Amino acid sequence: MSVPESAVPTPKGTGSITVASATAIGVGGMMGAGLYTLVGLASTTAGVWVPLAFLVGGVVTVFSVYSYAKLGAKYPSRGGAAQFLIRCFGDGVIAGGLNVFQFLGWIIAMALYCAGFAGYARALLPWHTPEWSGKAIGIGLIVAVVFVNMVGSKLVGRSETFVVAIELAILAVFAVFGLMKSDPARFADNGDHHWLGVLFAAGLLYVTYEGFGVVTNSAGDMRDPAKELPRAMYTALAIVVVVYVVISTIVVMLLSLPAMDVNQGHVLSEAGAAAMGHAGFVVIGVAALLATASGVNATMFGDANLAYMVSKSGELPANFARGVWRGGTGGLFIAAVITAGFVMFFPLAAVGQMASLAFLIVYGTVSLGHLRVYRETGAKPWLLVLAVALNLALFALLLGYTIHTGPASTWITLLAVLVLSFVFEVVYRRRTGRSLALESTAT
């Protein structure tokens, strides 16, 4: 039986996360990888219509943001989407397994951001570096971000605001110089690329919008989440969609398709060089480093909060709740270790595909579960159905493309992670006999 909306008060938090810092966390999480490290890969399927692929991905994301904003405003919590799944599906294996899978999905996303950071760092170094150095750089970034997150949520919010401001300023300068040297005629030649490639690319680029889910994890630290959370989420998404479409359009007008293909790992730096010479290459490379590091920072903040919540509700081992210096959690360290493992064993393309597939599953399932409680949240059911349908469609397209073109290890690993998440939940539930708990107030 559903609880009447009036009987479930919306709690207020500490106010340590403001609308501006929550928006910055969302922008930082979303702009960590796709714009800098997946544009080249997306162009192999979408050709010159990469901007359209970004737009399609953004449109699909709008409906998931709607679902999350309604849930987050009604049930603010440090657990974010982990809390939503329990609210939607109740105390059972579905909520537990999906929460474990979501935790691992964020880890795969962080591995993607680390791979992007390493690619640009190697490109900026004035000497040749061996392949293994990229792995070392990515792991070094994880260590640095763990330290930042150990200091607490205020520093996370402040650092995101600072980094995002610099990043957007650099991209604005690039846009001005890029438009001066761009050639719109490049859009006339799309080679043998088919319109279906735009949808494949939209599925791949979906992970570039993943950061909006991270914002919900800060709801428990907002003073008035019912008003501030939706505002922060929609603002962050709008900023990111505009930036993605504008910048990817300029990249296409600056570089040929073969050049984008050859320089997939740092295509935006090459576009910077085309617009502003070597200085442009360096400046855009620095922006890429800031963006990818920002993505890891914002996502690690969300992962740590997710671990905090699920440890209290019993979905992950109790040592996730072990306190560390100044308010962090043991889950922060475990998340970092698992992320390092993905960085070590998978290339950028593989973690990009796995991350997008993972979040298409998670966000689609949250919207599906939301249909069970939409009367409490005030959501319109037809918008939730549309969110489920669009996520399912992109998932099917991307999975088919991954199976057809990529190594089997990519999609097999993703499906194995999904299955093992539910196996873990079943085994752990039987061994401990615990049930999932709901937070009545933000913590």
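In which helix does Glu425 lie? In this predicted model, Glu425 belongs to helix H17, which spans residues 408-432. The protein as a whole has 17 helices and zero strands, and buried residues account for 59% of its 443 residues.

**The whole protein**
- When contacts between residues at least 6 apart in sequence are considered, 84% of them join residues that are at least 24 apart.

**Glu425 in helix H17**
- Glu425 has a relative accessible area of 0%, and because buried means under 20% relative accessible area, this residue of helix H17 counts as buried.
- Although Glu425 and Gly96 are 329 residues apart along the chain, their C-alpha atoms are separated by 5.9 Å.

**Helices H3 and H4**
- Helix H3 covers residues 50-74, helix H4 covers residues 81-89, and the axes of the two helices come within 10 Å and cross at roughly 85 degrees.
- H3 is therefore roughly perpendicular to H4, since angles of 65 to 115 degrees count as roughly perpendicular.
- Where the two helices meet, H3 contributes Tyr68, Leu71 and Gly72, while H4 contributes Ala81, Phe84 and Cys88.
- H4 is mostly covered, with eight of its nine residues buried; the buried residues are Ala81, Ala82, Gln83, Phe84, Leu85, Ile86, Cys88 and Phe89, a list that includes Ala81, Phe84 and Cys88, the residues of H4 that meet H3.
- Just after H4 comes Gly90, whose phi is positive, at about 75 degrees.

**A nonpolar patch that includes Val59**
- Trp49, Leu52, Leu55 and Val59 together make a nonpolar surface patch of about 340 Å².
- Val59, one of the residues in this patch, lies in helix H3, the helix that also carries Tyr68, Leu71 and Gly72.
- With a relative accessible area of 44%, Val59 is partly exposed, and it can therefore take part in a patch, for which residues need over 30% relative accessible area and no salt bridge.

Conventions:
Residues numbered from 1 in each chain as written. Predicted model: local features only at pLDDT ≥ 70, side-chain atom pairs only at ≥ 80, totals over all residues. Heavy atoms only, no water. Patch = residues over 30% accessible without salt bridge, like charges linked within 9 Å, V, L, I, M, F, W, Y side chains within 5 Å. Areas by Shrake-Rupley, 256 points an atom, 1.4 Å probe, with all protein chains shown as cover. Salt bridge = Lys/Arg side-chain N within 4 Å of Asp/Glu carboxyl O. Helix = DSSP H or I, 4+ residues; strand = E, 2+ residues; numbered from the N terminus. Buried < 20%, exposed > 50% of the residue type's maximum accessible area, 1.4 Å probe, protein only. Axes fitted to C-alpha atoms, helices over the stretch in contact; angles between N-to-C directions. Parallel < 35°, antiparallel > 145°, perpendicular 65-115°, else oblique. Contact = heavy atoms within 4.5 Å.
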